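Visitor: I have a model open and a few things to ask about it. Can we go through them one at a time?
Guide: Go ahead.

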There are 2 protein chains.
Amino acid sequence: MASVDVPVALLGYGTVGAAVNRLLNEQADDIERATGHRLRIVKALVRDLDKDRGFPAGSDVLTTSIDEILADPSITVVAEVMGGVEPAGGYVLDLLRAGKHVVTANKQLVARRGAELFEAASEGGVQLRFEASVCAAIPVIKVLRESLLVANVHRVLGIVNGTTNFMLTQMEVGSTYEEALAEAQRRGFAEADPTDDVTGADAAAKMAILATIAFNSRYELSDVDTIGIDRIDPLDVAAARELDMVIRLVGQARLVDGHVDVRVSPAFVDRHHPLAAVEGAFNAVMLQGDAIREITLEGPGAGGVETASAVIADMASVIGTMGTGFLKNDAVWRSLPRLAPGDATSPYYFHLSVDDRPGVLARVAEALAENSVSIARLRQHQNGEGRAALHVVTHEARQGALHAALETLAALDEVHRPPLPFPVVSDRGFGDFEWE
Amino acid sequence: MASVDVPVALLGYGTVGAAVNRLLNEQADDIERATGHRLRIVKALVRDLDKDRGFPAGSDVLTTSIDEILADPSITVVAEVMGGVEPAGGYVLDLLRAGKHVVTANKQLVARRGAELFEAASEGGVQLRFEASVCAAIPVIKVLRESLLVANVHRVLGIVNGTTNFMLTQMEVGSTYEEALAEAQRRGFAEADPTDDVTGADAAAKMAILATIAFNSRYELSDVDTIGIDRIDPLDVAAARELDMVIRLVGQARLVDGHVDVRVSPAFVDRHHPLAAVEGAFNAVMLQGDAIREITLEGPGAGGVETASAVIADMASVIGTMGTGFLKNDAVWRSLPRLAPGDATSPYYFHLSVDDRPGVLARVAEALAENSVSIARLRQHQNGEGRAALHVVTHEARQGALHAALETLAALDEVHRPPLPFPVVSDRGFGDFEWE
């Protein structure tokens, strides 16, 4: 097959866009060897034609008019690297309906408007690829859609936000929350406004996309049960260390008896679990399925060049599958109900600040037992002044049952603060009961 | 695009073949949703028509004649799951030349006869895919060829043999080599004849394939510098533990200044390095490249269903890219020279059994310094009876220089046995010198 020149366009020409252009230029030969085609950026949509660019675009490439891209019949593939939900969303919809394949790095767009976007792709008879929207260069979307085609994935477990993972590893070695955040900002891992990271919103968007692709059922961002890391205090970090665990912001998506459950929250992770070894700003995603047992992908979950690398791989994949019908369908073909929140199960950790007097332990144990929550590990610390801290790790328990038990506990005179539970992530079974 | 029925054939119908047929049947709908096509096994080549099969093939499917597959123009995709270099190799060559796409799970075939096979594929204008030949369901080939298209991968580091990894994790907790091997055989991880695993031959075949694909230059199995785990003794395991390391059979492929170096050997892996966390029969492959920093894939590296899952994904990918020119070229387009063995660099560990008398340490230090090998960590143990053991970890050193130094050391009167060096795998920089 003779080499074919493929004109492509970009929406946005910032850090990622310039990196896409640079890599396309520097590695044009590699791409041609793999696909038989040479990709060339002919248009890039920007707001300001005169801004300085990292890797300059060719003359006449920059434009401020989306119509120049929409109306150009020679452009069949467009990469959206501008970010934001609007105007990016409207542009992408128009491009798909106009029969142009689109590759996007925009997780908020895919998580919030996926249904609309895939419908437009189907209308236009084109592909929408979005590898770079989840964990940058970690190829979790391609692996899920292509390599694990017959794997029946039923669980996705991951650390999908590098900023908070960096902060938590800093807090593990003694930083306060504020120091860890400042350090993440200094190193460029966190934005000036870190809200999306620390509240878990960024991780929730990625988990909504992963759950949708893994289970072939649309999962809305608003359905993800999300708790951020902004509620963690140094006492929790110290408690985790004493239990030989670490705190990580963990996303979990599960398919349980035909019901889907997706949640993001700080979790106590056993130090021997692979997720505990994910250090700094790295991400990791574990995929569990019938035919594969468990496959884990780990790497940098962000970065301009990393994102550009994934965008280009998607463009090459679009070109390499054009006209064959491959991945042209929306991954969503069924509508699975959500698991009722109280029905999700997990082992949990919580601690109680209690009066240190006879009978307290019995009352705590009774409140848990009444709700069918059984204790796996228990540690008691005297805090002086007549107070003690109880650290409790439960066996697998229904969330609803745990919350009921914690409400009972919070109402006890001997208990000083309403306890805050964390799910526990561990591969190890616990013994019947471990008193430490 | 309307659904198209795609007749496919299998070479071999053992554990993997039967699992391919079962998954193709059970998940025909999933495959059709992704590819627009339904795959159906119409022929399966076997030696014995009457043998009992795990998942029975349909009537008239089993055949003992390759010609029935070769001569059937309706069959465009064939999966080779029979194993062995011959007759599998001859069949695959004939199929490719006849214009049929081939998917193979056969690492020995790809590692030994890759050049011939890819030439035949090119002649026939078809694809040869081989995901299942390296680490079963871990999609490292697809990720390298498609996702990391512009990543400029320059290092591949991995644990690619589950049997030996299982044995080493058993030895870590106290088993002897013989006990660990017996346990691996009992659990079905090791064959009755474990030679290929314990000598490193199996890992070497996988590393030759990975190096070839990662660096786009053919690397022959016979070029891989291979040391097995059969030379490890319990003293080494204990020494690793004392240094806060573990012993793993590690494959390394590196591209250094335009030269390729590929080796497999037991290595001392820092306990904080991700490879140290790979437990039991799991595999892990780390890919380092310019645009991605480091991406790690981990999962089960063997198993019938896992292998079948990868074979089916490859068949679907062939169908999804037919006629587009994608991945039709051999990944090899250049011929890079091998790095001279002595020029490979690594930090190393070795121990010396020496007479415990004044001046020994000085002579050891001098022999190393004369060869520009600098010491990073040093531990001394009195063994009683006038002997001592010296445990040495070096900074990054040329292999040639290390061997020269070890020869000098072996010739010293005070040194009792020729020392056996292990490469050290660590992410941590060492301080200038650590005396323990």
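Visitor: How many residues of chain B are in contact with chain A?
Guide: This is a predicted model. In it, 50 residues of chain B are in contact with 50 residues of chain A.

Visitor: Which elements of chain B each supply at least two residues of that side?
Guide: They are α2 (28-35), α6 (140-147), β12 (293-300) and α12 (304-321) of chain B.

Visitor: And where does the largest share come from?
Guide: From α12(B), with 9 residues.

Visitor: How do the residues on that side of chain B divide into nonpolar, polar and charged?
Guide: There are 26 nonpolar, 14 polar and 10 charged residues on the side of chain B that touches chain A.

Visitor: Switching to chain A. What does the domain assignment give?
Guide: Domain 1 covers 4-136 + 306-321, domain 2 covers 140-301, and domain 3 covers 342-435.

Visitor: How many residues of domain 2 of chain A are in contact with domain 3?
Guide: 16 residues of domain 2 of chain A are in contact with 15 residues of domain 3 of chain A. On the domain 2 side, α11 (234-242) and β10 (259-270) of chain A give two or more residues each. β10(A) gives the most, with 8 residues.

Visitor: What is the make-up of that domain 2 side, in nonpolar, polar and charged residues?
Guide: The side of domain 2 of chain A that touches domain 3 has 8 nonpolar, 3 polar and 5 charged residues. As for spacing, the centres of the two domains, taken over C-alpha atoms, are separated by 24 Å.

Visitor: Back to chain B. At what angle do α13 and α14 pack?
Guide: Helix α13 (residues 360-370) and helix α14 (residues 399-411) of chain B pack at about 150 degrees, and their axes are 8 Å apart. The cut-off for roughly antiparallel is over 145 degrees, so α13(B) and α14(B) are roughly antiparallel to each other. The crossing of α13(B) past α14(B) is right-handed.

Visitor: Which residues meet there?
Guide: B:V364, B:A367 and B:L368 of α13(B) meet B:A405, B:T408 and B:L409 of α14(B). The contact has 5 nonpolar residues, 1 polar and no charged.

Visitor: One more: where does B:S353 lie?
Guide: In strand β14 (residues 348-355) of chain B.

Visitor: Why is B:S353 called partly exposed?
Guide: Because 15 other C-beta atoms lie within 10 Å of B:S353, and buried would need 20 or more, exposed 12 or fewer.

Visitor: What does B:S353 touch?
Guide: Leaving out residues up to four places away in sequence, B:S353 touches B:R387, B:A389, B:H416 and B:R417.

Definitions and conventions: Residues are numbered from 1 along each chain as its sequence is written. Chains are lettered from A and ligands numbered from 1 in the order in which they are written. This is a predicted model: local features need pLDDT of at least 70, side-chain atom pairs count only at pLDDT 80 or more; totals for chains, interfaces and linings use all residues. Axes are lines fitted to C-alpha atoms, for helices over the stretch in contact, and angles run from 0 to 180 degrees between N-to-C directions. Helices (H or I, at least four residues) and strands (E, at least two) are DSSP runs, numbered from the N terminus. Angles under 35 degrees count as roughly parallel, over 145 as roughly antiparallel, 65 to 115 as roughly perpendicular and the rest as oblique. A crossing is left-handed if the near helix is turned anticlockwise from the far one by less than a right angle, and right-handed if clockwise. Two residues are in contact if their C-beta atoms, placed from the backbone, lie within 7 Å. Ala, Val, Leu, Ile, Met, Phe, Trp, Tyr, Cys and Pro count as nonpolar, Asp, Glu, Lys and Arg as charged, and the others, Gly among them, as polar. Domain bounds come from an automatic or database domain assignment.
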